Amino acid sequence: MFDDLKRFETGSPQQFDWLRQLLDGFFSDGNVMDIRAVPRGSFPMINIARSDDTVRVYVFAAGLAPSDLTIDVQDNVLTLRGKREPVMGSNEDGSSRPVFRRERASGEFVRSIALPDGLDAERAEARHAHGVFEIVLPKREELKPRRIDVQAA
């Protein structure tokens with residue numbers, strides 16, 4: 001009677017990794033990693049962009065003030081540390097409401113990201129606007145591309 005239900009059984013996610021890898025090989029552009037490449041529960045989410053002059057790290061951390069995030073660079077590793085306070089609803093009298101559903105994680109976090117070689121951490125800058133932190137890490141001058149003009153002999 002329940003034999004038909006077996007067709008709805010799904011295996012563990014690890015059983016389908018080979019298929020995911022095969023499909024990613026067909027559809028990947030080779031330069032971008034999608035959301036599946038981020039470990040579950042990673043906060044804050046980041047994007048990293050590279051140009052001839054800089055590496056820019058965009059940290060998406062809505063609700064964090066600049067004072068809530070510590071940014072360190074050592075040995076080509078960027079470390080983000082901070083604490084995200086819980087958001088609690090409150091009644092008109094100031095008492096807290098019970099939470100029916102909580103999807104926003106709170107608490108302390110640490111996230112470390114390996115950076116490419118050749119960055120000048122001494123000249124790094126960070127900005128914050130609208131919940132996005134932008135960390136600009138310039139490349140060392142000797143590693144930047146240089147154009148060499150050809151002189152007539």
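## Contacts along the chain

Two residues are in contact when heavy atoms of theirs lie within 4.5 Å. With that in mind, look at the structure above, which is a predicted model. Among contacts in the chain with a separation of 6 or more, 52% are between residues 24 or more positions apart.

## The overall layout

Let's walk along the chain.

What about the surface? Of the 153 residues, 21% count as buried. The chain exposes about 12500 Å², and carbon and sulfur atoms supply 51% of that area.

Strands of a sheet pair through backbone hydrogen bonds, either parallel or antiparallel. Here, an open sheet has three strands in the order E3-E4-E5, with antiparallel pairing. Strand E3 (69-74) and E5 each have a single partner strand, so they stand at the edges and one side of each is left without a neighbour in the sheet. On average, neighbouring strands of this sheet are turned by 15° against each other, direction ignored.

Zoom in on E3 and E4: six bridges join these antiparallel strands. Ile71, for example, has Leu80 in E4 as its bridge partner.

In soluble globular proteins, nonpolar side chains tend to be buried together. The largest nonpolar core in this model has 17 residues, of which Val57, Val59, Leu78, Leu80 and Ile135 touch the most other members. At least two core residues come from each of strand E2 (54-60), strand E4 (77-84), strand E5 (107-114) and strand E7 (132-138).

Which residues does Ile135 touch, not counting residues up to four places away in sequence? They are Val55, Arg56, Val57, Val59, Ile71, Leu78, Leu80, Glu125 and Ala126.

Note on methods. Residues are numbered from 1 along each chain as its sequence is written. This is a predicted model: local features need pLDDT of at least 70, side-chain atom pairs count only at pLDDT 80 or more; totals for chains, interfaces and linings use all residues. Side-chain values use heavy atoms; hydrogens and water are left out. A nonpolar core is a set of buried Ala, Val, Leu, Ile, Met, Phe, Trp, Tyr and Cys residues joined through side-chain atoms within 4.5 Å. Buried means under 20% relative accessible area, exposed over 50%, partly exposed in between (1.4 Å probe, protein chains only). Helices (H or I, at least four residues) and strands (E, at least two) are DSSP runs, numbered from the N terminus. Accessible areas come from the Shrake-Rupley method with a 1.4 Å probe; for residues, only the protein chains shown count as cover. Two strands pair if DSSP finds at least two bridges between them. Axes are lines fitted to C-alpha atoms, for helices over the stretch in contact, and angles run from 0 to 180 degrees between N-to-C directions.
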